[in-house]
Amino acid sequence: MTDRSFRFTHAITRRPGHSITAGLRAMDTGSPDLAQMLVDHAEYVATLRATGATVVELDPLEAFPDSVFVEDTALCLPEGAVVMRPGAPSRLGEAARMAPHLAALYAEVVQVSGPGFIEGGDILVTEREILVGRSARTDADGIAELTHLVAPWGHKVHEVITPPGVLHFKTDCSLLDAETVLATDRLAASGCFDGYRVIPVATGEEAAANTIRFNDLVLMPAGFPRTADRLAAAGYDLRQIGNSECAKLDGGMSCLSLRFTPRA
Ligand code: CIR
């Protein structure tokens with residue numbers, strides 16, 4: 001067993017722009033404050049960099065209000081990158097805007113061309129498999145095309161279900177190490193993590209499930225003390241990052257970056 005699912009040399013992020021106020025949301029809990037989001041975003045990028053990784057920070061794309069959530073535009077594997085086909089119509093064009101940045105770092109970049117849809121937020125890469133949750137944004141055709149694209153690289157895709165009413169599969173879970181995931185009870189109850197060690201998020205702190213393991217650190221949203229205690233007790237080196245503004249748009253730690261180690 002290796003640790004390529006959480007050790008990375010690179011990340012790509014994109015700063016939010018003024019159009020962030022028009023970002024998609026399941027429920028309106030108020031307009032995101034750009035100034036606060038920029039402060040939190042800068043801390044997020046600095047934390048990734050503190051692990052020694054190279055972080056490519058892209059400029060805002062005002063035509064795409066949700067483009068700060070770069071994770072949904074691509075799946076980055078060691079062998080190559082797969083450009084996604086987002087199921088949200090307002091986000092479809094974001095993927096093509098990411099492709100050249102991936103081509104600058106990867107020898108091989110392939111593309112989900114449709115008719116299906118798939119977003120990176122529904123994809124959890126572990127050491128042994130790629131779990132993809134079917135959701136309102138990711139359909140069976142999109143998963144089938146991804147399966148076909150990554151097979152030559154030796155990756156197996158396992159289709160699972162994103163709980164109803166939950167935006168993405170990874171809204172409710174994160175990889176912590178080669179054997180361990182952090183997950184909500186509602187997602188773990190579906191049996192999709194059989195064979196993994198599951199650390200449950202504390203009841204009432206479901207929004208803490210979207211963290212990232214990035215090299216030696218676990219980045220988690222601030223404000224979830226009982227889940228933070230569980231992770232610290234399990235030995236993880238935590239960094240708590242403000243997420244109040246992204247949360248208004250159903251976004252979290254994983255959404256804000258693409259994380260990868262391109263094969264030379
Ligand atoms: C959206 O609805 O697409 C954005 N407002 C949030 C995307 C969050 N992305 C992610 O979980 N990977």
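Reply: The second largest pocket holds about 520 Å³ of space, a volume being the space filled by probe spheres set on grid points joined across faces, edges and corners. This is a predicted model, in which local features need pLDDT of at least 70 and side-chain atom pairs count only at 80 or more, while totals for chains, interfaces and linings use all residues. Residues are numbered from 1 along each chain as its sequence is written, and side-chain values use heavy atoms, without hydrogens and water.

Me: Which residues lie nearest the centre of that second largest pocket?

Reply: Of the 36 residues that line the second largest pocket, Ser5, Phe8, Cys76, Val125 and Arg259 lie nearest its centre. Two or more lining residues come from each of strand S3 (74-76), strand S6 (123-125), strand S9 (173-175), strand S12 (212-214) and strand S15 (258-260). The lining divides into 16 nonpolar, 10 polar and 10 charged residues, where Asp, Glu, Lys and Arg are charged, Ala, Val, Leu, Ile, Met, Phe, Trp, Tyr, Cys and Pro nonpolar, and the others, with Gly, polar.

Me: What counts as a pocket or a cavity here?

Reply: On a 1 Å grid over the protein atoms alone, a 1.4 Å probe fits in a cavity but cannot get out, whereas a pocket is open with protein on both sides within 12 Å along at least five of seven lines, and lining residues have an atom within 4 Å of a point.

Me: OK, and how much space lies in the largest pocket?

Reply: The largest pocket has about 850 Å³ of space, and 40 residues line it, with Leu167, Thr171, Ala247, Asp250 and Gly251 nearest its centre. By class, that lining has 16 nonpolar, 12 polar and 12 charged residues.

Me: Where does the ligand sit?

Reply: The ligand sits in the largest pocket, in that more than half of its atoms lie within 2 Å of the pocket's grid points. There are 13 residues around the ligand, and Asp66, Asp72, Arg91, Leu249 and Cys255 come nearest; such a residue has a heavy atom within 4 Å of it. By class, this shell has 5 nonpolar, 2 polar and 6 charged residues.

Me: Last one: which peptide bond is cis?

Reply: The bond from glycine 114 to proline 115 is cis, with omega near 15°. Proline 115 is in the loop between strand S5 (109-111) and S6, these elements being DSSP runs numbered from the N terminus, at least four residues for helices (H or I) and at least two for strands (E).
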